[in-house]
Amino acid sequence: MKKRSIISALAVALAGCATGASQQGATNLSAAQCRDLTALRNHAPMTRERNLSELAALERAGYDPSKFYDPYYPDDLHAAQRQVDRWYQAECTEARMN
């Protein structure tokens with residue numbers, strides 16, 4: 001069971017890498033998502049908009065919160081969070097500086 005969750009997490013991470021590699025120059029996070037993620041990382045209060053923005057980024061990274069039973073939770077969520085963190089570091093430099 002543990003092996004299966006590790007394989008699943010790796011598959012999600014690799015899928016995100018393959019998607020990013022095929023669309024060079026394309027951004028994965030919008031300016032609004034960069035702004036919202038920066039606010040959340042700076043401990044700003046959670047708002048509905050920030051929550052939805054973070055969820056959209058996680059879904060783009062491969063996380064599917066709609067599954068009733070997810071045998072790979074929380075590994076798949078953590079893999080998506082790591083992918084969003086990589087995108088954030090690469091794409092949101094302007095938002096982090098403001």
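Biologist: What should I know before I start?

Modeller: This is a predicted model, so local features need pLDDT of at least 70 and side-chain atom pairs count only at pLDDT 80 or more, while totals for chains, interfaces and linings use all residues. Residues are numbered from 1 along each chain as its sequence is written, and side-chain values use heavy atoms, with hydrogens and water left out.

Biologist: How many helices and strands does the chain have?

Modeller: Helices (H or I, at least four residues) and strands (E, at least two) are DSSP runs, numbered from the N terminus. Here there are 5 helices and 0 strands, giving the pattern α-α-α-α-α along the sequence.

Biologist: What span does α3 reach from its first C-alpha to its last?

Modeller: The expected span of a helix is 1.5 Å times one less than its number of residues. Helix α3 (residues 48-60) has 13 residues and reaches 18 Å, close to the 18 Å expected.

Biologist: Which residues of α3 are buried?

Modeller: Buried means under 20% relative accessible area, exposed over 50%, and partly exposed in between (1.4 Å probe, protein chains only). In α3, the buried ones are Ser53, Ala57 and Leu58. They cover an arc of only 135° around the axis (taken from the directions from the helix axis to the C-beta atoms), which puts them on the same side of α3. The buried residues of α3 pack against α2 (31-41) and α4 (75-91). For the chain, 32% of the 98 residues count as buried.

Biologist: Which backbone values deserve a look?

Modeller: Most residues other than glycine have a negative phi, and most peptide bonds are trans. In the loop between α2 and α3 sits His43, whose phi is positive, near 65°. His43 is exposed, with a relative accessible area of 74%. Just after α3, Gly62 takes a positive phi of about 110°. A cis peptide bond joins Tyr73 and Pro74, with omega about 10°; Pro74 lies in the loop between α3 and α4.

Biologist: And the rings: how many aromatic pairs are there?

Modeller: Rings of Phe, Tyr and Trp (its six-membered ring) pair if their centres lie within 6.5 Å; planes under 30 degrees apart count as stacked, over 60 as edge-to-face and the rest as tilted. The structure holds 0 such pairs.

Biologist: Which charge sits over a ring?

Modeller: The rule is NZ of Lys or CZ of Arg within 6 Å of the ring centre and within 35 degrees of the ring normal. The charged end of Arg41 sits over the ring of Tyr88, 4.1 Å from its centre.

Terms used: Contact = heavy atoms within 4.5 Å.
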